[in-house]
Amino acid sequence: MSNQAPNRARVIPLRPPAERPGTAATLPPLPPAAPGPIPVPATGPGPAPREPLLRDLVGDVLRRERQAQERTLKDVAESARISMPYLSEVERGRKEASSEVLAAAAHALGLSLGDLLARTQGELIRLSGRSSTRPVGRSRTTLSSSHDGLCLAA
C-alpha cells in the first residue's frame with residue numbers, strides 16, 4: 001500500500017455556482033450587457049444587398065459542374081483524393097476549403113483552379129448585379145491574368 005495522499009486535481013469553475021433557493025449570491029452582479037451591433041445607415045432606399053460568400057459561390061460552381069458531368073460525389077471525391085463528406089460540405093458552402101483542396105476538386109472535374117475561380121467570379125458578378133470590368137486600384141493594362149483581378153487567399 002502507498003502512504004501518499006491521493007493526487008487530486010484543482011478544479012476552477014468557469015461559471016459561478018448556481019444560486020440555491022434561500023442563499024445569497026457571493027459574486028457581484030455582472031455589468032449590463034453592451035448594446036447590440038451598431039446599425040450602419042443604408043445608402044439609398046431599402047437595405048443594402050448582402051454580398052454572397054465566396055465559399056457558397058465556389059461550392060455552387062463545383063456542384064453544378066459535377067452534376068453537368070453526371071458524376072457522383074463519391075466519384076469526384078475519390079478522384080480528388082478528399083473525403084466524400086468534406087466535398088459535400090464544400091459544395092454546400094459549409095466549409096472554407098484550402099486552395100489545395102479546391103485545386104484537387106477542380107482537377108477531378110477536368111478544370112484548372114483558374115477555371116474554377118473564373119466561373120466563381122462570373123457568379124459573383126451575376127449575383128451582385130454589377131459588371132466590373134476594371135479592378136479597383138489597378139489599371140487594366142497592368143493585369144497579366146485573364147481572371148480580371150480575382151484573388152483567393154487561403
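In which hand, left or right, does α1 pass α5? The crossing of α1 past α5 is right-handed, a term for a near helix turned clockwise from the far one by less than a right angle.

The model is predicted: local features need pLDDT of at least 70, side-chain atom pairs count only at pLDDT 80 or more, and totals for chains, interfaces and linings use all residues. Residues are numbered from 1 along each chain as its sequence is written, and side-chain values use heavy atoms, with hydrogens and water left out.

The protein chain has five helices and zero strands, where helices (H or I, at least four residues) and strands (E, at least two) are DSSP runs numbered from the N terminus. Of its 154 residues, 23% are buried, that is, under 20% relative accessible area with a 1.4 Å probe, protein chains only.

The axes of α1 and α5 lie 9 Å apart, at an angle of about 115°; axes are lines fitted to C-alpha atoms over the stretch in contact, and angles run from 0 to 180 degrees between N-to-C directions. Contact means heavy atoms within 4.5 Å.

| Helix | Residues | Residues meeting the other helix |
|---|---|---|
| α1 | 54-68 | Leu54, Leu57, Val58, Val61, Leu62, Arg64, Glu65 |
| α5 | 113-128 | Leu116, Arg119, Thr120, Glu123, Leu124, Leu127 |

Thr120 belongs to helix α5 and is buried, with a relative accessible area of 1%. Beyond its neighbours within four places in sequence, Thr120 is in contact with Leu54, Leu57, Val58 and Val61.

Key
Buried means under 20% relative accessible area, exposed over 50%, partly exposed in between (1.4 Å probe, protein chains only).
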